[in-house]
Amino acid sequence: MEGMTIQRALEKNGCNPIGAQTVPNTFTSIDARSLLAEQVNNRSSAQWKKANFIMCSKHRSHSLAACLEGWKLLAEKEENQVLFLQGDDGVYRAYNWRGNEIHGRVEEIIDKYKIIK
């Protein structure tokens with residue numbers, strides 16, 4: 001078998017090469033320091049960056065604005081991820097890839113934004 005033959009067969013059967021794309025219907029939990037890291041936009045450097053939904057705890061000393069800026073650097077290009085970010089009041093709020101707050105019940109948000117493949 002030749003490499004190109006195998007690759008074409010995989011693609012023909014719905015397989016995609018692993019890349020920086022978001023993994024459908026996945027979630028992870030992180031700390032805000034992850035969003036503030038220097039290379040937050042390097043999606044290949046950590047698995048958590050590819051989750052469909054990300055829950056992020058935040059200490060009051062971390063700026064909400066800085067966390068959302070890091071989030072946009074990571075997620076804006078893919079346009080298919082949701083961040084549940086803990087506010088200074090301890091309550092989590094949902095944000096889309098542009099850093100805009102998403103309103104609604106958590107079940108509604110998950111249903112609307114989960115990637116269906």
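A nonpolar core is a set of buried Ala, Val, Leu, Ile, Met, Phe, Trp, Tyr and Cys residues joined through side-chain atoms within 4.5 Å. With that in mind, and remembering that this is a predicted model, begin with the largest such core, which has 25 residues, and select Leu35, Trp48, Ile54, Val82 and Leu83, the members with the most contacts inside it. Next colour helix 2, strand 2, helix 3, strand 3, strand 4 and helix 4 (106-113), each of which supplies at least two residues of this core; helix 3 gives the most, with five residues.

Now select helix 3, residues 64-75, whose twelve residues reach 16 Å from the first C-alpha to the last, close to the 16 Å expected at 1.5 Å a residue. Within helix 3, show the side chains of the buried residues, namely Cys67, Leu68, Gly70, Trp71, Leu74 and Ala75. If you look down the axis of helix 3, these buried residues fall within an arc of 160°, so they line one face of the helix. Turning to the other side of helix 3, you will find Ala65 and Leu73 exposed.

Finally, centre the view on Val82 and display its contacts, leaving aside neighbours within four places in sequence: Asn52, Phe53, Ile54, Trp71, Ala94, Tyr95, Ile102, Ile109 and Tyr113.

Conventions
Residues numbered from 1 in each chain as written. Predicted model: local features only at pLDDT ≥ 70, side-chain atom pairs only at ≥ 80, totals over all residues. Heavy atoms only, no water. Helix = DSSP H or I, 4+ residues; strand = E, 2+ residues; numbered from the N terminus. Expected span 1.5 Å × (residues − 1). Buried < 20%, exposed > 50% of the residue type's maximum accessible area, 1.4 Å probe, protein only. Arc of directions from axis to C-beta. Contact = heavy atoms within 4.5 Å.
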